[in-house]
Amino acid sequence: MSEALAIDVQGLTKRFGDKTVVDDFSMQVPRGKIYGFLGPNGSGKTTTIRMMCGLLKPDAGGGTALGHDIIRESREIKSRVGYMTQKFSLYGDLTVRENLTFMARLHALKNTTSVVEAALEEYALAPRANQLADTLSGGWKQRLALAAASMHDPGLLLLDEPTAGVDPKARRDFWDRIRVLARKGVTVLVSTHYMDEAVQCDNIAFIAYGRKLIDAPSADIPERVGLITWRIEGKGLQPIYDALHGADGVDQIARFGSALHVSGRDAERLERAIAPYRGQDGLIVEKAKTGLEEAFIWLMTGSEDNFQ
Amino acid sequence: MTSLSRILAIMGKEFIQMLRDRLTFGMMVGIPVMQLLLFGYAINTDPRNLPTLVEMGDNGPASRAITQAMETSEYFDLIGLTTSAEETESALQSGDVLFVVTIPPNFERDLLRGDRPQILLDADASDPVAAGTGAGAFPTLVQEALAPLLGEMSPPVQTVIHRRYNPAGRTALNIVPGLLGVILTMTMAMMTSMALTREAERGTLETLLATPTRPHEVMIGKITPYVFVGSIQVAILLAGARLLFGVPFLGSPFAFLAAVSLFILVNLSLGFLFSTVARSQMQAMQMTFFIFLPSILLSGFMFPFAGMPAWAQTLGQALPTTHFIHAVRSIMLKGAGFRDVIHDIWPLAVIFAVIATLAMLRYRRTLD
Ligand SMILES: Nc1ncnc2c1ncn2[C@@H]1O[C@H](COP(=O)(O)OP(=O)(O)O)[C@@H](O)[C@H]1O
Ligand SMILES: [Mg+2]
């Protein structure tokens, strides 16, 4: 527990056939952080997470999770890490309580019954305790999965797109739980597609085509992305939007209320693009801070789904 | 360090899933019942009044007493007389008659002289049950028919029985041990292999692998509930065989228990091994059929083992079903004890050790 890093991996590489799915991936996650793991579909997030908890053997590279070697000490890791799979993978033909009891016993926990009852209480699953898992809605399934993954008090939680396809309220509830766990000192690595969730992470790593592109505190991300943003405010913005969309020097344009955010990486070319609108009547053109959300929209559009 | 908690957890979970899967559970109980009824009744059709030809070489009172006795017995139905050997042959060949009785010329004279003449009964034993009961009853029948004529003389005739087409003369009794072997082979291997591939198919294997569970804990936990199911199947078959067909159990229950337990374990670990190779439940099922067919054909269940060509016997020796069926036949029908079947038990033990080791080595600890 003295280790300062919950995850410390270097050069992780995984190939399926002749396709390199994760390429030279390194990451250091300090203890107690909520670390966001972003990237388009097929970029290798699940594969990376599986290597971190000993479910897949890397073809190259290695490292530790909670101080244990991910290749040689996968058993230690499995008893100290909580892993929530992307696809619901508890038993649909068992009830909520049976599933939790099963998991508690696989972890050889003492006084299984009280641990399970406590988890049912804590995750408000008690009223559904005797319901078959298959009959739960998506949100409740995720909640059950989180309960199952955290019953053995793991020091590190690996959550693989835990809120995919879940309604907004259930997502909010879920994140409340994640923050509760984080406050207790649990390190959380969570992959997600949702910007509003990314914002809530302390740090964010972005991966595309199996390569890590960015890894920084979320506050620093916009700067790292290197986008410069101008804000144009006023009336009659639609023609301006149409004119600037795809114009030379403009990499991204988005509407924010009664304003346009025009972003680009090359300051000079961007400058030239918006020059015609400067000093026009009724238009305010001013430099703006690139938001995290814009940064991610940029990262995402820059790397569409990575299958094949 | 093995965790009993984990093994029990997996066992319990497997039990619950099994009981909730009504269809599968029903099948596991239903298959033995159905097979027993099908095989038992289809083969054990009441062997009464079977068509019989008589070749009368002699027409004296003794000969007539015999044909009369056959007529009144429930086994034979005399449908005609024959005079030529060809006719006899073709009638048997075509299956028009199941028995041909040949009373030799001068039977009466030889009988009275005390020369102990021969009566020949040719039986079509391709239906072993029918032939078996008729042939079994024949010598007594002849003696009883002649008793009023000859008084308390010592056996005055020799009855010679030729079992045709199936010299081993296997009877319905043989079917039950065979069924035990075949049903256990199919259901046990199929159930475990499917229960495990199902976990991979549904993604629950990832949950299982993400816990600190060891391969042998999974194996023991997964297999044990099916040992229970196998025992139920055995109980059903034995009870059914006893009640419906009067199949005896002459040998050592201990030897039987040893053979059955070992055989169930062999098939369960075989299913486990299949599941480490199969990518889907469908493939798992196909693989069990791959072992199931030779187990039916080469194990001595369908054809007498001793009558098979050498290469088939060699293949058959590698099949656990062969040893099991042989052991159980000896125990149930010939009254064998543990010592008598040890040469069948140890191959089973070896096969089990090999398969279980292979299965454990092949069991994936990762998702690779
Ligand atoms: N077991 C596997 N065999 C072959 N290809 C795989 C396997 N698992 C994942 N892939 C491929 O690897 C790539 C990355 O997948 P994944 O790690 O699931 O990405 P993500 O979680 O970011 O969507 C995808 O193209 C996927 O098709
Ligand atoms: Mg994924």
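1. Q86(A) is partly exposed, at 37% relative accessible area (buried is under 20%, exposed over 50%, partly exposed in between; 1.4 Å probe, protein chains only). This is a predicted model: local features need pLDDT of at least 70, side-chain atom pairs count only at pLDDT 80 or more, and totals for chains, interfaces and linings use all residues. Residues are numbered from 1 along each chain as its sequence is written, chains are lettered from A and ligands numbered from 1 in the order in which they are written, and side-chain values use heavy atoms, without hydrogens and water.

2. T46(A) sits in helix 1 (residues 45-52) of chain A, and Q86(A) in the loop between strand 6 (81-84) and helix 3 (96-106), so the pair ties together parts 40 residues apart in sequence. Helices (H or I, at least four residues) and strands (E, at least two) are DSSP runs, numbered from the N terminus. T46(A) is buried, at 17% relative accessibility.

3. The structure has 0 disulfides over all chains (cysteine sulfur pairs within 2.5 Å). C53(A) is in none; its nearest cysteine sulfur, in C201(A), is 18 Å away. That is too far for a bond. C53(A) is buried, at 3% relative accessibility. C201(A) is also buried, at 3%.

4. W346(B) lies in helix 14 (residues 338-362) of chain B. W346(B) is exposed, at 54% relative accessible area.
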